Every structure is written in C-alpha cells, then in structure tokens.
Amino acid sequence: MNGVERICFIGAGSMAEAMLAGLLKKRRIDADRVSVFNRHKRERLDKLKGTYGVWIPENRGRAISEADTVILAVKPKDVQEALMQWRSFFHKGQRIISVAAGVSTDSVEKLIPAGIPVIRAMPNTSCTIGLSATALCAGRWAKPEDMEAARYLFSAIGSTVIVEEEAMDSVTALSGSGPAYIYFMVEALEQAGVEAGLSKEISRELTLQTLLGAAHMLMETREEPAELRRRVTSPGGTTMAGLEELKRRQFDEAVKSAVLRAKSRSRELGSLLGQGVK
Ligand SMILES: NC(=O)C1=CN([C@@H]2O[C@H](COP(=O)(O)OP(=O)(O)OC[C@H]3O[C@@H](n4cnc5c(N)ncnc54)[C@H](OP(=O)(O)O)[C@@H]3O)[C@@H](O)[C@H]2O)C=CC1
Ligand SMILES: O=C(O)[C@@H]1CCC=N1
C-alpha cells in the first residue's frame, strides 16, 4: 500500500505536465485518477485531457478533497492566492506536495488548516522521461508514510533524495534549474561547432551524443569528473588548448555564480510570498 490512489494537480503548467507525463508513462497511477486544473486557460486543460486522458474536474473543490495527494504546481507568486482560494477543501486525510521554488513548508502550513501534512519537492523537467533528480523534505506534520508516498511518486520519475529543508534553495539552484544550464551549454557547443565549419545537423548530433556519452561515463564508472577529464586531455593536445580558454574566461566561476545567484533568487521568491511581488 503506497497511499497514493488519487492525485489532484493545482496548476497545469510545464511542471505539472512533466510530472503527470512521467507518472502516467511509468504507470504509477491511472489517468482517470488524476485531476488537473488551472486558473484561466481552458484550452490548456483540454490539451492535457486530450494528450493524457486526465480528469478535468468541473467541481474543483471536490477534486481536491477526494485526492489523497494534492500537488501544488503554481508559480511561487501564486501560492498564497491558490492556497487561500482552495484551503477550505484541504483536510488531514491527505498530503500536499508543493513544488514551488523557494516556498517553505512553513509558509504553506501557515496558509492552510493546521495538521495537514506538507512536503516540499524540487524535481526538474527531466521527469517527463523518468530522469528527474528530485529532492524532498518534510514539513512539520508530514509523517514517515507521507514521505514514503512522495518517494513512491517521485521515484517513478527519476531519482530521489531526502534533505533537510535548509538545503532546498541550494537544491533548487543546482538540480531544479540545472537542466537549463546544461541546455545553454549545448546551445553554445552546437553554435561553436557551426562556427567551426560543421553543418547544424552534424554539430547537433555530435554535441548530443557527446553529452550522452559523458553523462553515462560519469554515472557508470562513478569516477571523479576531474579524472575523466584528465583522460581526454592529452598533454599539449587540443583539449588542453580548449580547456585553457575556458579557464581563462573563468568558466568554473561563471557556473558557480549562476548556482549561487539562483540560490539567492530561490530565497527571494520565498520571502516575497504574499507581498504581491512577481
Ligand atoms: N519549470 C521547472 O523546471 C520547474 C518548476 N518548478 C516549480 O513549479 C511551479 C510551476 O512552474 P511552471 O509549471 O513552470 O509554471 P507555469 O506558469 O507553467 O504554470 C503555473 C500554473 O499554475 C496555474 N495557477 C496559478 N494560480 C492558480 C490558482 N489560484 N489555482 C489553480 N491554478 C493556478 C496556472 O494557471 P493559468 O495558466 O490558467 O494562469 C498555470 O497552469 C513553480 O512554482 C516552479 O517554481 C519546480 C521545479 C522545476
Ligand atoms: O526557474 C524557476 O524558478 C523554476 C524552479 C526550478 C526550475 N525552474
């Protein structure tokens, strides 16, 4: 018994779709047991219903109260409004999983009736294909079985780790936002290949396979990235020349700054909750 029989998504954006696509693909739940709604965009709901067969409830309050697991997938700035709007339908027999960046379990708990288990989760969009890296942390009312239920769901769509809440802003900056950093790197590599004289198609194919191969090397050998890098880098060779250029332009510093800035933005998003600031 995993305790997940009915899921209600509040929010129908890219994260909700990525999660429900992954959960349905892995058959963790049947589509007719998943309800999804948003604020305004009816055509978006029709599209999700057409693609996945999920239930678009007419009575949203009922969909919330009938769910054992409510996934809050609205933007951080909309969390307060959404919780105030739907709070009367929440009850202690269910759990709320919030994926909102920067929003603490404490902030969520303060906006809903006392005693309802809250879990904060930070997946990433790779959950669409079952390859998210998700971190979970428990709010004050979340029991071990609630964490088990959350793990049951998120383990279907990638790997899971349980962390203390104070780590969640760092997690958000690293693995929540992380796919975008990698895609940016891929864009840059692809473009560089074109500027070096390759066709766009060949450049993309070589870039993607290089990324895939490097990721598998890291995962399968579990060797240090620095050691794997060393093996590519022949003394006086091409890689050394390329890496010197990346170092000269402080590539590692740029990556560090990106993660630290994203972390502080996660904190800002949490602290702006309820202040009407976007
Ligand atoms: N995108 C990502 O990679 C990741 C995102 N997250 C988090 O996931 C959350 C959602 O992000 P994302 O999917 O990108 O955002 P989107 O803007 O794509 O989706 C937000 C959804 O919330 C709905 N919504 C807003 N207010 C309400 C309300 N009061 N009641 C019901 N639905 C409401 C919107 O409806 P409508 O369109 O009708 O206004 C929309 O469907 C964010 O908090 C983000 O921090 C976490 C990890 C990764
Ligand atoms: O950019 C954002 O705020 C969200 C959270 C992590 C990934 N996307």
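Start with V74, which sits in the loop between β3 (69–72) and α4. Helices (H or I, at least four residues) and strands (E, at least two) are DSSP runs, numbered from the N terminus. A word on the model: it is predicted, so local features need pLDDT of at least 70 and side-chain atom pairs count only at pLDDT 80 or more, while totals for chains, interfaces and linings use all residues. Residues are numbered from 1 along each chain as its sequence is written, and side-chain values use heavy atoms, with hydrogens and water left out.

Is V74 buried or exposed? Buried, at 17% relative accessibility. Buried means under 20% relative accessible area, exposed over 50%, and partly exposed in between, with a 1.4 Å probe and protein chains only. Leaving aside neighbours within four places in sequence, V74 is in contact with I10, G11, V79, A82 and A100. Contact means heavy atoms within 4.5 Å.

Now M15. This residue is in helix α1. M15 is buried too, with a relative accessible area of 18%. Not counting residues up to four places away in sequence, M15 touches V99, P123, N124, T125 and C127.

The unreviewed entry places a "binding site" at I10, G11, A12, G13, S14, M15, A73, V74, K75 and P76. These positions span 67 residues in sequence, yet no two of their C-alpha atoms are more than 14.1 Å apart, so they gather at one spot. The lining of the second largest pocket takes in I10, G11, A12, G13, S14, M15, A73, V74, K75 and P76 from this set. One caution: UniProt annotations may be inferred rather than shown by experiment.

So what is a pocket here? On a 1 Å grid over the protein atoms alone, it is an open set of points where a 1.4 Å probe fits, with protein on both sides within 12 Å along at least five of seven lines; lining residues have an atom within 4 Å of a point.

This pocket holds about 1,100 Å³ of space, the volume being that filled by probe spheres set on the points. Its lining has 39 residues, with G13, S14, A73, V74 and K75 nearest the centre. α4 gives the most, with 7 residues.

Where does the pocket lie? Domain 1 (7–171) and domain 2 (178–267) both give residues to the lining, so the second largest pocket lies between them. Those bounds come from an automatic or database domain assignment.

Definitions and conventions. Chains are lettered from A and ligands numbered from 1 in the order in which they are written.
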